[in-house]
Each structure stands twice: as structure tokens, then as C-alpha cells.
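Please look over the structure below.

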Amino acid sequence: MRTPHSLTLLAVALVLVSIVAACSSSAASSSPSATTPTVSGAWVRPPMGADRPAAGYMIIANAGSEADALIAAASAIAISVEIHETTTDASGTMGMQPVDKIEVPAGGSVSLEPGGYHLMLMGVTEMPPVGEMVEITLTFETGGDVVVQAEVKAG
Amino acid sequence: MARRPASPGQPSDPAAMFDGAFWLVAVLAAGMVVLMVVRLLADAGGVPGGGAVASAGASGTASASAPSVDVSAYLEPVVTAAPPLELTGPDGQPMSLADFQGAPVLVFFGYTHCPDVCPATIGTVGLAVDAFGEGTRAVFVSVDPERDTIPWLAEFVRFMPGGFTAVTGTAAEVRAVADDWGVRYARVETGDAEAYSMSHTADVFVVDGAGQLRARFPFGTEAPAMIAVLREVAATTVTPTAAPAPSVAPTTAAPSPMPVADLTIEVVSSSVWSGGASPVILALHEATGRINDPTLTVAVQVLAVDGTPAGAPVAAVAIQPRGIADVSYVATVDIPSPGTWNLAVTATDADGTARTGAAGVVARDPGGTAALGAPAPIIDTPTAADFGGDLTWVTTDPAPDPRLSATSTGDALAAGRPFVLVVDSYSFKVTPACGKAVVMAKQLVHRWTDVPFIHHEPYRYTVVTTEPVLEGSLTDPRLTETADAWGTGSQPWGVGSMPWVFVVDGDGIVRAKYQGVMGSADVDVMLSLLDQRG
């Protein structure tokens, strides 16, 4: 009695696992544990010319009950990936500076978007064409590494 | 930093109703459903979790994605001729805004190493230009002539949408154009000399087909709003019958009898103040490049825009910061009131040959901030030593440089040492500009190891375990006694005006001050000035 019942439920669970796996392949991230932040809508703007940086944007959500922080990023297509923040002062002057980390509040999210936080891909060696994907590894303070597939988009 | 358990709560009595395998599967299934919902929400742009949301978007920018656009919000209240714009195009040939007369032109300032703001603006303006058509053009003005040379620009325009061009010039030419357009910019160090960034005004200006400045879009304005404004502007463009070119006036000329200018004057200072004793850092340029002659005798006369002199000419001091080839000339001027003024400059070389030039300058209102030329407030800033070496009570910077918290202003004043006071909050971002001056100071402290850079957190906070917690709120923060004593919360600036930077000389006199954007050249030149005078 017990064995067939359990096997049936196990089969249902496996189907669910495969459905979620299929969803996540297009969406962007792997989720090693529930405390690891999840990433959606990741995209990369290609550099405007040789030796120019590319920018990466995304939404990082933290469903966990403890704050986490993005502390590093890397990609095989760039020599280095820095975390930057663009800020605006009272006169409308916008400036950009590297930041050590981006806090992701517990139960909240943070947007990396034009005019705010962004990844800066320096020394881009090979940029795939628009529509293709760039793999970026994000490192979180407590959540560890998350591998993101970011779509190359103009804009 | 303990990780929390990954699964939802466990059943208190697993044997009561179901066996262990069932629970395992049920929990897995429930978890999967939650994950799927989270993904769907995230893909739709929603925010899962429903807790505190930190958004890094540019504040204060117009959101114009709504179908109905309030065109009037973007239009200039008073229509005037567009400021002059005569620089060099990517083909190395002179380019003037007047060349584009007959169709609208969108003008904006940036730099080609900009990875975020400029490409985003180029993308949006490109959509608007493409959709509106009518021969509309876009002009990108580089504020980084050092790196954005003509060959670079030629490469850059290949990556820009159709209808775009890019222009540059000498440092002085670009500065003059930016001043005329009310555009501010400054070099910002990032720690790598090759990879500096530029702060700059990110508005997009709309010039109509008759050369009139008609509208401006703050950063973040979306293409539909731009298109609606372009329609309105095109529909209401009045072509003047006499058709004077919109941009042939010399850049900063006052209408009064001025000597024939053969010098181009660049105002380097990122803050120039009314109310006396304001140092103005000038770079002098001639046709062949920047003049780096420390023996020049340079006099500066403040003029009202109608040419009326304000006070007597002032002698400028030639300054060559250590390790830097460029010579700057610093004149300490008395500008009577906030607003636009002209500076007439006469430079006389060793054999008596005099040359002249002029530049416009916008003087800012000092309000109640510590006055230039007056003694610095005598008040101690806290140091790490006051808290047993615990930096968390002195700075909210999570990666602090202890040198910025080692000296109090009282100690520096008592020792008769020049110092730089940086009043800025790293973590309490009352405005998005907060924290930038601290980052700049952390770079400059490497170059000026013998000068105390003193960082002061302007907002009162307490430390709970290791985290700084603000007293009051981000919209109503409370100034420390020190920040208040320096007047950084005074009108017209208010408590949200951080950062402020003050340069104080060895006699305890406030010699320079900066609000908001500060270029590293400002501090380099001012500290060198204090150095040279001992």
C-alpha cells in the first residue's frame, strides 16, 4: 500500500520539477537554495564601439528572511565586471561610481536599471549579437553564486 | 550570517495522518508551485515577496509612459534662441547647430566611455528621432575631450542610430558650450586613472527648426513623450523673416566694449559662490592648446552681464599641482549676488605682451554655509578613537578608509594644518548624490597623504549591533551638531543638500567649498594653492 502511493506522488513531483526546470532555462537563474536571491529580466546592452564597456541590468529578488548583497560578478566575455551606481544630484547632474555591494533586502528586491545600479562589463572580448544570451555569474554575500543568462538587447 | 532552513515548516507529527514520503513530496510540490508563481511574477515585472523594495531608479525623472503626455511639462516657459553650439564633428570639420536649421535638433551631453546613462539616452532619443522623422537630427556633445578625440568619435557615431552626430572640441571650447547651455560636468575618479568617469547634466534639449530652444527632457523621459513634444514644437515653430542664424554669437561675450579676445577661458571650478572670497579655478587656452606658463601675470575682472564692472580686477595665482602638467590660475573673486556673471581675463607674459579672454560663470547662493574667507567653525568632528577605534559610529561606509576618521577638525585647526572636510553620508541616501564625495575622498587621500581628509556623517544615527540606524527618516533626517555648525542644512540648500566639501587652510580659514558635484581637479588645485603659500 505505502509503496505504490509514494511512488505515484514521487512521479508527480518529478513532473513538477521538470516543468519548473523548463521555465527557469529561459528565465535566467539557478537556485541552489531558498536563501539564494533569484534573478529575472536580465539583459545586457552591447558596448558602443571597441574598448567601451557594456552594461548589465536585471531584477534581483530575495524571498528569504535575511538580507543579502550582490558583492561580485563575472562573465567569460569580459575581462572584469564591476558593480556601479549612477546617481543624480539636486541639479540633475548624473554621475557614476563603483560600489562595493548592492543590498537586497529580505523579502524585497532591487532593480539594476538605466540611471541606477548596473553591472559594467569591462574589456569585452566577444559580444554575442542582439537576441542571444550572455552568461553572468553573480556572487552574493550569503547566497553564494547564481548563474544568469542575460539577453543581449539594444536600448 | 547563519543560513535559514530552506524549506517551509515541518509537520509536528508526521505519523498522524500521512507517511514521511507523502510529506516529502507534498512539501516539494508546494515549494515548486511557490517557485513557479515567483518566477511568473518576476517575469511580469512584479516584485515577489511584497516586503521592502529598494529601487535604484533615477529619482525625479519624468515618467512619461502613460498614453497621455503632458507636453507642457517639457516645454521651456520662455522661448529664446538656442545657445551657441560650434564644435568639431567626427569628420574633423567644424559643426554648428545653425547647419541643421529647418528641422528639430535634439542636443545632449555625455561621454563615449559612459556605459549607462548615455547609451540609454541615445537609445531613447534614437527611437524618438526615428518615429518622428521630418529630418530630425540628434547631436551628442562630448564632455570628455581628453578621451573623445575625433577618431574616437568617428568610431562612436557608427554605433549611433541614424540622424545622430557627435561633436567635441578643446577642453575650453567644450566648457564654454556647456556653460552656455547650463550644463555641468566634472571628472570623477574611480581609482583607475584610465577609467575615470564624468558626472554630467543628462537633460536632452530640443531646438526647433528656427533655432529656438523649445523643450528639455530629463533623464528617463520615454520616447512617446519625446515624440509628442516634437510634434508640438514642430507645429508651433515660427520661422523668423530676417532669419538670423541661431548660434553665431561669440560664446560668452558681454555687450560692453571688451578687448578683442584671443584667449579662451575655461572655468574649472565646479562650485563658484557669490558673497565674496570665492576661488575660481581657470584654465587658459590659445589656438594651439592649453597655456601652462606659471610665469604669466593673470588678472580677472568680474563683470555683470551688461558689462558693468563689479569691484576691481583681481590677480590670479598660477598653480601646478604635483605630478600634473597643467597649470591652473586661481582668482579669488567677490561676486555680489547669485546668478550669471562674466569674468574678463587679462594674461600678460614676461615680455609685456597682454592677451585677453572672457568666460561666463554662474555664481551659487552660499546661504548660511560656512563663509569663504572666514574662520572655520570651531567644532570637533568625532574620530574613531572617540569610540575605541570602532568606525561604525563615525562613518556609515561599510568599507571605510580609517584615514578619513582619524583626525578631528578641532585637531587639524589646533595644529594649524590645512584639511578637507567631507560632509556626506555614505549609507543614508537622503538624495542619490549621497556617498559620492566619500568615494572621491577615498581616492584623493592616496594622492594627498599629508593632508587630513575628514569625513563627517551629517545625519544623526545609532548603531544597533553593527548596523547604523538613522534617527528620524530619510525624508526628515536630523543633522549632527557639526553639520549644523557648518551650515550644511541652511537655506536655500536644506538638510538634503549633501554632499558638501570644505577646504580649510592652515590659518583655519575656509578657502573653498563645493556642493554636490566636485571634480578632483578642484581639490588638487586648491590644496596645491595652500601648499604653495605655505
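Accessible areas come from the Shrake-Rupley method with a 1.4 Å probe, and for residues only the protein chains shown count as cover. By that method, chain B exposes about 22,300 Å². Carbon and sulfur atoms supply 57% of this area.

This is a predicted model, in which local features need pLDDT of at least 70, side-chain atom pairs count only at pLDDT 80 or more, and totals for chains, interfaces and linings use all residues. Residues are numbered from 1 along each chain as its sequence is written, chains are lettered from A and ligands numbered from 1 in the order in which they are written, and side-chain values use heavy atoms, with hydrogens and water left out.

Start with the overall make-up. Chain B has 9 helices and 27 strands. Helices (H or I, at least four residues) and strands (E, at least two) are DSSP runs, numbered from the N terminus. Of the 534 residues of chain B, 51% count as buried. Buried means under 20% relative accessible area, exposed means over 50%, and partly exposed lies in between (1.4 Å probe, protein chains only). A contact means heavy atoms within 4.5 Å. Among contacts in chain B between residues at least 6 apart in sequence, 70% join residues at least 24 apart.

Now turn to a sheet. Strands of a sheet pair through backbone hydrogen bonds, either parallel or antiparallel. Here two strands pair if DSSP finds at least two bridges between them. In chain B, 6 strands form an open sheet with mixed pairing, in the order β2-β11-β10-β5-β6-β7. Its edge strands are β2 (75-81) and β7 (164-167), each pairing on one side only. Neighbouring strands of this sheet are turned by 25° against each other on average, direction ignored. Such angles run from 0 to 180 degrees between N-to-C directions, with axes as lines fitted to C-alpha atoms, for helices over the stretch in contact.

Strand β5(B) (residues 105-110) runs parallel to β6(B), and 6 bridges join the two. One partner pair is Gly110(B) with Ser142(B) in β6(B). Helix α2(B) (residues 117-132) lies across β5, β6, β7 and β10 of chain B. This helix runs at about 175° to β5(B).

Which residues of helix α4(B) are buried? They are Ala172(B), Val174(B), Arg175(B), Ala176(B), Val177(B), Ala178(B) and Trp181(B). Gly182(B) follows α4(B), with a positive phi near 70°.

Next come the charged pairs. Side chains of opposite charge can pair when their charged atoms come close. A salt bridge is a side-chain nitrogen of Lys or Arg within 4 Å of a carboxyl oxygen of Asp or Glu. Over all chains, the structure has 14 salt bridges. In one of them, Glu146(B) meets Arg187(B) at 3.4 Å, N to O. These two are 41 residues apart: Glu146(B) is in the loop between β6 and α3 of chain B, and Arg187(B) is in strand β8(B). Glu146(B) is exposed at 58% relative accessibility, and Arg187(B) is partly exposed at 27%.

Asp397(B) and Lys442(B) form another salt bridge, at 2.7 Å, N to O. Asp397(B) sits in the loop between β19 and α6 of chain B, and Lys442(B) in helix α7(B), 45 residues apart. Both Asp397(B) and Lys442(B) are buried.

Arg447(B) forms a salt bridge with Asp524(B), the closest N and O atoms being 2.3 Å apart. This pair links helix α7(B) to helix α9(B), across 77 residues. Arg447(B) is partly exposed at 36% relative accessibility, whereas Asp524(B) is buried at 4%.

Finally, look at the backbone. Most residues other than glycine have a negative phi, and most peptide bonds are trans. Glu134(B) has a positive phi near 60°. Glu134(B) lies in the loop between α2 and β6 of chain B and is exposed at 63% relative accessibility. Ala277(B) has a positive phi near 55°. Its place is the loop between β12 and β13 of chain B.

The peptide bond from Gln491(B) to Pro492(B) is cis, with omega near 5°. A cis bond also joins Met498(B) and Pro499(B), with omega about 0°. Pro492(B) lies in the loop between α8 and β26 of chain B, and Pro499(B) is found in the loop between α8 and β26 too.
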